[in-house]
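User: Please examine the model shown here and answer some questions about its helix contacts and backbone geometry.

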There are 2 protein chains.
Amino acid sequence: MTIQTAIAEVSTVLGERLSRSKGDLDHHGGSETYFAHTPPDAVAYPESTEEVQKILRACAAHGCPVIPWGTGTSLEGHALAFRGGISLDLSRMNRVLRVDAEDMVCRVQPGVTREALNTELRATGLFFPIDPGANASLGGMAATRASGTTAVRYGTMRDNVLGLEVVLADGRAIRTGTAARKSSAGYDMTALFVGSEGTLGVMTELTLRLQGQPEAISSAICAFDSVSDAVATVIAAIQMGLPMARIELVDAATARGFNLYSGAGLAEAPHLLLEFHGSETGVAEEARRFGELAQDLGAKGFDWAEKTEDRSRLWKMRHEATYAIKALRPGCDILVTDICVPISRLAEAIDETTADIAASPLEGPILGHVGDGNFHALLLIEPGNTAELDAAKALSDRMVERALGLGGTATGEHGVGVGKLGFMEREHGAAWGVMGEIKRALDPQNILNPGKLVALN
Amino acid sequence: MTIQTAIAEVSTVLGERLSRSKGDLDHHGGSETYFAHTPPDAVAYPESTEEVQKILRACAAHGCPVIPWGTGTSLEGHALAFRGGISLDLSRMNRVLRVDAEDMVCRVQPGVTREALNTELRATGLFFPIDPGANASLGGMAATRASGTTAVRYGTMRDNVLGLEVVLADGRAIRTGTAARKSSAGYDMTALFVGSEGTLGVMTELTLRLQGQPEAISSAICAFDSVSDAVATVIAAIQMGLPMARIELVDAATARGFNLYSGAGLAEAPHLLLEFHGSETGVAEEARRFGELAQDLGAKGFDWAEKTEDRSRLWKMRHEATYAIKALRPGCDILVTDICVPISRLAEAIDETTADIAASPLEGPILGHVGDGNFHALLLIEPGNTAELDAAKALSDRMVERALGLGGTATGEHGVGVGKLGFMEREHGAAWGVMGEIKRALDPQNILNPGKLVALN
């Protein structure tokens, strides 16, 4: 069997770091959402670029699928081994290789998590801003073009990965980008691999842009009577040019979840959570202007968190939203959707989605990174209840159709994986075929994360 | 002859808008720098995407080169017809198709110039920030991944093109990107075409991100004893997190050119030109902090331009730098180089370049977008003097080698064209080969701007 031959060959390279233990296979066959358990045939734990090259050469020689694995926090089944093969677990490639404080960049291995990087950066006065919630690996975040709460200010992984080392399907290692801030020297190979979900190559090193820790930070939470009022406030703030570092919407159901899960004591109403980064006077002025604007548009019960511990509590609550929402239906499974629309269509998209969920048998709180036009519904499902799972999938599909109809995208930050594959042709038209042509040029055997993002065979 | 057959076929599509007049061929065979005059066999003036598709189908059928043309302001020979064929002049596709003020985006045809767009936007309170100096077409700016004075704040064309319509070598039209602010739905096809210099497809429509006109703007110019002091000021300001909208360095020779050309009355010393955008209080505070910092590091003769007309005069002077520098040697030709290095290596790169030029027989003022680590030398050459041209090319080559040695790039914003082609393998290593594989997949006959950016045949 070709996969078995490849595994035998990889095992001569890695020894005991090529695992076929039940625990390893089980762990790498799971995901954080509703997908069926799909274990790989083996799990490889490389410790260097050279080892990744050897693994890919062996897999290319025998046509064995290779599925890169970061921390397994993906939400669209990206890291599942639907066609068997080797799960390439990069967690042992977890060194911060270099921090250049003067250039505000760092080089890391793909298995470094965002929290580990920020812990390492603490003494430098710098931080890496992208925050998808989960403590994902930076390689995984780059592979899915992740973003999260701070993208409204600092951009997504697209904007914060300056360069990569990538091992291609045939085992060649290439470097993309430079340490300069910009370049016009040829095709943007970094951008091609960021968001390619392991289908074009395996990232073995990342050069990341860092930010200076702001001199002052001010956070707040405030309530609104309706989601529409909250969204109108966000649009007005963006148009005024207020440089929000975070601007998050949670709906009334999510607020109820926060109260259940962490005793937040919030009104059961839609809320905005926001943050400004800057100088003392700049942040104070921006906070004042936002407060005036929001109150004009119906905001109530403004609660400003000036102290570090109050801010930490606020964002810890937001990061735990998934658990808080699960507390609304103890023991439930969850289907998390992710769409992004032009800001001008956001209120419409959220209103229609809310009505659609209300008309369904399911509970499905909504929350999102509304400064980007990006929001999620978290649909609560009884484990094993296929009728509920089908209803959730149908709701999610209608959300995506709505997003595409409004000029948006099937996924703002979670990626395609297998969960959104069915919408790619509708979203991209003939351009999806061109993605396939690029995939074929770089991975003619389709061994890299086959069956995800593009449909080849 | 295959080119002639293609031209005959295109002429049935365009009628008189397929020109073979001497004036048209001459104009499209020229460039703004030292490259030899290289006219195409014909010039096509399409007026729609459908016409571009028909032209490309005819050219694909007969293997005829197609060289997209915007305004001809490229500096690396991008639009020259070294292999003959059809110059595809997009200047008649010059409509602003839509402005979405609420989403702060617009859709334009590729022949719209940046000045024309900003004139059209004036009443909306929005503007398009990218400013490479020349009044280039937006299609040309996207094709070369242009940037300029404001990239330090607003990014480059990479960051400001949200989507494209592109006609491929075989005549298929595809759309990339959406009107949403971000997406994780598949390969970043927009980024692949931005900076591809017409070698992968012809852009027929662009969706651009717009910015709100700042409430307050403050500009200044100040002098330093040395380039090193000026660069140290820039690095310190970036590390303090001061959000400069522009931060430009000109050396003493350029200041002398400004005095000669426009009677600027500057000290013959290196200068920084800078600008802040924001709220009244924000800009005032940032200007104050920059002023204190710069004076600590040796800045003299601060001249703040608060009034619109004073600011316009300052940036008009900067934009006319090429003419001002030419005034140092009336009647000269010019070779303009463009490199970009990590900020931490910028002083070193400029110092060594200055010394290298001083040791040469040529005069070559230096100026640049130092907030990005990007600078240019403008080498003055007697027309027809091959010894001087060779000396200028050798200086430019050493600048690029220096940039690559310091971890930078052969071009920060002008692009590869033919001028920087010889450095691509050194800069990218095996990744340059991968660029060739992508080119081959999308344009197997190599009809799109052949001989530029990648080397295929």
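**Helix contact and backbone geometry**

Analyst: In helix 11 of chain A, T281(A), G282(A) and E285(A) meet T281(B), G282(B) and E285(B) of helix 11 of chain B, contact being C-beta atoms, placed from the backbone, within 7 Å. Helices are DSSP runs (H or I, at least four residues) numbered from the N terminus. This is a predicted model, in which local features need pLDDT of at least 70 and side-chain atom pairs pLDDT 80 or more, while totals for chains, interfaces and linings use all residues. Residues are numbered from 1 along each chain as its sequence is written, and chains are lettered from A in the order in which they are written.

User: Are helix 11 of chain A and helix 11 of chain B roughly parallel or roughly antiparallel?

Analyst: Their axes, lines fitted to C-alpha atoms over the stretch in contact, come within 10 Å and cross at roughly 175°. Angles run from 0 to 180 degrees between N-to-C directions, and those under 35 degrees count as roughly parallel, those over 145 as roughly antiparallel. The two helices are therefore roughly antiparallel.

User: Is N449(A) buried or exposed?

Analyst: N449(A) lies in the segment after helix 17 (430-442) of chain A and has a positive phi of about 40° although it is not a glycine. A residue is buried with 20 or more other C-beta atoms within 10 Å of its own, exposed with 12 or fewer, and partly exposed in between. N449(A) has 29 such atoms and is therefore buried.

Key. Angles under 35 degrees count as roughly parallel, over 145 as roughly antiparallel, 65 to 115 as roughly perpendicular and the rest as oblique. Two residues are in contact if their C-beta atoms, placed from the backbone, lie within 7 Å.
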